[in-house]
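Visitor: I'm new to this one. Could you take me through a single part of it, slowly and closely?

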Amino acid sequence: ATKHARDIILLFDETGRLAECNDASLAAYGYTRNELLKLTLSELRSAQAGATIPGDLERAARAGGITFETVHRRKDGSTLPVEASMRLVEIEGHRFYQSIIRDITERKRVETALRDSEELHRVIAESAADVILVIDENSRIEFANPAGKNMFGYERDEMIGQPLAILIPEDLRSA
């Protein structure tokens, strides 16, 4: 069942040497099965990510399993951002670390694009000469750009969380 799983499934011994792998791992890393089974966990991690291996193994053994993000390295030297779930298992009296690893390249690309988009929108809103307000479903102000102070006389922090009605002059509120 694990042989054909879409996620990478690896089994490491307590020294970090790879003991078993599935077909998805071969496709992801670009190694043959024999090549991959000669590697250690530190050879699969990027140089920077390799420093956290001892702590990851300890936490996985102590906590009964952990999930974390790290960066792996393919045969061609390119990197692969991954989310790894690791736990200590016992098989026929021997202890192994089982890792289920998911390629998160696309998720990271989307997160970066979203961050870039949010930053662009923030810059536009912050520098706009026109007032930009964001109002929640309860008619409370969630966001006000700096131009709001010029029009309404309130500092941004004074407007956030207040009802939209505070921006309407009192003599016009009941009209």
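Predicted model: local features only at pLDDT ≥ 70, side-chain atom pairs only at ≥ 80, totals over all residues.

Guide: Happy to! Residues are numbered from 1 along each chain as its sequence is written, and side-chain values use heavy atoms, with hydrogens and water left out.

Let's start at Ile 66, which sits in strand E3. Ile 66 counts as buried because its relative accessibility is 10%; buried means under 20% relative accessible area, exposed over 50%, and partly exposed in between (1.4 Å probe, protein chains only). Setting aside neighbours within four places in sequence, Ile 66 touches Asp 56, Arg 59, Ala 60, Ala 84, Ser 85 and Met 86, a contact being heavy atoms within 4.5 Å. Leu 88 lies 22 residues from Ile 66 along the chain, with 9.7 Å between their C-alpha atoms.

Now for the strands. E3 (residues 66-73) runs antiparallel to E4 (residues 79-91), joined by eight bridges; two strands pair if DSSP finds at least two bridges between them. Glu 69, for instance, has Glu 83 in E4 as its bridge partner. Five residues separate E3 and E4 in their hairpin, and there Gly 77 has a positive phi near 90 degrees.

E4 also pairs with E5 (residues 94-103), again antiparallel, over ten bridges. Ser 85, one of the contacts of Ile 66, has Ile 100 in E5 as its bridge partner. This hairpin has two residues between the strands, and Glu 92 takes a positive phi near 50 degrees.

Key
Helix = DSSP H or I, 4+ residues; strand = E, 2+ residues; numbered from the N terminus.
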